[in-house]
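Please look at the sequence and the model before reading on.

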Amino acid sequence: ESHAVGARRRSGCPYWLVLSIPTMWWIILSGALHNFNMYAVAAFLPAFLTRSHGLSLREAGFVSGVLLGLAGGIGLAWGGHLADRWAHSRANGRLWLGALCLLVAIPLQILALSQSPGHPVAFLLWMLPGAMMMYVYYSTVYSTIQDIVEPSLRGTAMALYFFAMYALGGALGPVGTGRLSDFFAREAAGGGPLTDAAKALGLHRAMYAVPALQLLVSLVLWAGSRTLVRDRQKLQSWMEAEAVASQQ
């Protein structure tokens with residue numbers, strides 16, 4: 001820390017203190033939206049690979065695990081390293097990086113989804129870097145929370161953030177995507193029985209909600225970067241005053 005404040009914090013309700021920081025609202029909103037996408041992909045990627053690209057259930061589960069695990073490991077590590085470098089050059093560098101990576105992921109995911117049925121390798125070649133870019137989000141946002149909240153409230157800040165991420169995003173992602181898939185499947189069936197082809201087409205169309213929603217997440221992070229500098233300066237000013245007061 002630039003200023004040693006120990007366990008001191010601002011007076012008042014800890015939850016309201018965290019929520020009184022404008023940037024936290026943008027970060028919380030981004031977490032709910034991003035986890036909606038991440039849980040939708042994790043829940044339906046195996047089904048998509050079986051329905052659209054002809055993999056067996058075992059193959060689809062294995063490929064999905066390797067893809068998301070590899071993308072997650074690389075994206076988190078690379079994103080964390082790059083986020084620290086960007087933060088040295090500009091105060092809101094981390095959020096800028098997160099927003100940019102999500103934008104880059106959009107065309108990659110659209111190209112992956114646009115591959116013809118029965119071509120899983122072509123799908124994976126585009127989806128792997130697209131998923132990797134999605135994981136960079138976590139490295140940039142988690143660290144940004146530490147920049148705008150005093151040390152003794154950071155656990156509370158993460159709790160509020162995770163609550164929104166999972167109670168809203170994680171819980172609703174699979175449900176929302178499943179409903180979209182069913183809607184498009186019924187539309188493809190034209191009022192007739194739901195064939196495997198109709199279900200495959202329904203899920204395929206529903207998966208396009210991921211890059212569409214990702215654009216919104218990127219815009220939310222950009223909005224958060226606009227308030228971050230002021231919130232960070234406000235915290236540093238408070239911590240400096242507290243550190244000086246503790247030495248008197």
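The text below starts with the helix pair and then turns to the residues.

This is a predicted model, in which local features need pLDDT of at least 70, side-chain atom pairs count only at pLDDT 80 or more, and totals for chains, interfaces and linings use all residues. Residues are numbered from 1 along each chain as its sequence is written, and side-chain values use heavy atoms, with hydrogens and water left out.

**Helix pair**

Helix α2 covers residues 22-53 and helix α7 covers residues 196-207; their axes come within 9 Å and cross at roughly 135°. Helices here are DSSP runs (H or I, at least four residues), numbered from the N terminus. Axes are lines fitted to C-alpha atoms over the stretch in contact, and angles run from 0 to 180 degrees between N-to-C directions. In α2, the residues F44, A47, F48, R51 and S52 meet K199, A200, L203, H204 and M207 of α7. Contact means heavy atoms within 4.5 Å.

**Two residues**

Relative accessible area under 20% counts as buried, over 50% as exposed, and in between as partly exposed (1.4 Å probe, protein chains only).

| Residue | Relative accessible area | Class |
|---|---|---|
| T227 | 13% | buried |
| W126 | 34% | partly exposed |

T227 lies in helix α8 (residues 209-247). Leaving aside neighbours within four places in sequence, T227 is in contact with P22, T23 and W26.

W126 belongs to helix α5 (residues 120-148). With neighbours within four places in sequence left aside, W126 touches L108, L111, A112 and Q115. From C-alpha to C-alpha, W126 and A105 are 9.4 Å apart in space, and they are 21 residues apart in sequence.

Methods. Helices (H or I, at least four residues) and strands (E, at least two) are DSSP runs, numbered from the N terminus.
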